[in-house]
Amino acid sequence: MRGGKKTIHAIITWMRRQPPKAKALIAVLLGMTALVLLRIIVHDHDNLFVAAEAVHSLGISVLIYKLIKEKTCAGLSLKSQELTALFLAVRLYCSFVMEYDIHTLLDLATFATTVWVIYMIRFKLRSSYMHEKDNFAIYHVAVPCAVLALFIHPSTSHHLLNRIFWAFCVYLEAVSVLPQLRVMQNTKIVEPFTAHYVFALGVARFLSCAHWVLQVLDSRGHLLVALGYGLWPSMVLISEIVQTFILADFCYYYVQSVFGGQLVLRLPSGVV
């Protein structure tokens, strides 16, 4: 067991010494390797989506525990939670008017939990909220997503406004975690429960991205065609990949901290 930890520590140390471009290349290669393994191991790739939802739920459970038991919201971004509530609200609307399925119920549960978290941060635990650290301007992501949705959206038979809304929630979901990463970058130190929560988001989004990529490969590209024509199918896939890579750097430092035996995660400058 100790030999295994020493090997992992040696690998992590070697990774830390690599230049940023080399780290990015290694991350891409590791991601591709993971996709190949998942394609071989998981026969029904729809299970990857279920796994993503399960991991996301686990992360939310950790967040709920932090707020109830620790009675503090220090290190959490209210703006990230508000962006999450926004894209979930829009997606729920689109689901009800366009395509109602089991995913709608999952989104409804996540939306209710997110609204509760926002309530706790704004009112019950307001004294521990790091307002000065949560300084990422929401309009920096919301406005570009809205503009992009106006020009690139599904080409289905649904009402134009509904198609724009759907595209908006896809784009906004991809970048909704940015304020949370900014808070962690500003504080430099991330306490365990917040780190566990964000790491769970990273794993969930990787599994969701893997689900999409493998579905496209299995259908030999027909899935993208089914989504419509133009740039929209490609943008859906790109949004999934962006979500994964935004959190990849944090997940690397999280794993490094866990195997290093550190309870508190310390982030170097430049992670966000």
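This report describes a predicted model, taking its helices, salt bridges, nonpolar cores and cysteines in turn.

## Basis of the model

Because the model is predicted, local features need pLDDT of at least 70 and side-chain atom pairs count only at pLDDT 80 or more, while totals for chains, interfaces and linings use all residues. Residues are numbered from 1 along each chain as its sequence is written, and side-chain values use heavy atoms, with hydrogens and water left out.

## Helix H4 and the annotated spans

Helices here are DSSP runs of H or I with at least four residues, strands are runs of E with at least two, and both are numbered from the N terminus. Helix H4 takes in residues 78-97, which makes 20 residues, and reaches 29 Å from its first C-alpha to its last, close to the 28 Å expected at 1.5 Å a residue; the expected span is 1.5 Å times one less than the number of residues. At the start of H4, a side-chain oxygen of Ser77 comes to within 3.4 Å of the backbone nitrogen of Lys79.

The unreviewed UniProt entry annotates residues 24-42, 104-123, 135-152, 164-181, 193-214 and 234-255 as "transmembrane region", and such annotations may be inferred rather than shown by experiment. In the model, residues 104-123 are 100% helix and 0% strand, with their end C-alpha atoms 28 Å apart. Residues 164-181 are 89% helix and 0% strand, and there the end C-alpha atoms lie 27 Å apart.

## Salt bridges between separate parts of the chain

Side chains of opposite charge can pair when their charged atoms come close. Four salt bridges are found in the whole structure, each being a side-chain nitrogen of Lys or Arg within 4 Å of a carboxyl oxygen of Asp or Glu. One of them joins Glu191 to Lys66, with the closest N and O atoms 2.9 Å apart. Glu191 lies in the loop between strand S1 (189-190) and helix H9 (192-218), and Lys66 in helix H3 (residues 46-70), so the pair ties together parts that are 125 residues apart in sequence. With a relative accessible area of 23%, Glu191 is partly exposed, whereas Lys66 is buried at 2%; buried means under 20% relative accessible area, exposed over 50%, and partly exposed in between, using a 1.4 Å probe and protein chains only.

## Nonpolar cores

A nonpolar core is a set of buried Ala, Val, Leu, Ile, Met, Phe, Trp, Tyr and Cys residues joined through side-chain atoms within 4.5 Å. The largest has 48 residues, and Tyr171 and Leu181 have the most contacts inside it. Among the elements that give two or more residues to this core are H3, H4, H5 and helix H6 (139-151), while H7 gives the most, with nine residues. Another core lies apart from it and has seven residues, including Leu38, Leu48, Ala52 and Leu214.

## Cysteines

The structure holds zero disulfides, a disulfide being a pair of cysteine sulfur atoms within 2.5 Å. The cysteine sulfur closest to that of Cys94 is in Cys169, 5.2 Å away, which is too far for a bond. Cys94 is buried, with a relative accessible area of 0%, and Cys73 also counts as buried, at 0% relative accessibility.

Conventions
A polar contact is a pair of N or O atoms within 3.5 Å; within protein, one must be able to donate a hydrogen and the other to accept it, and residues adjacent in sequence count only if both atoms are side-chain atoms.
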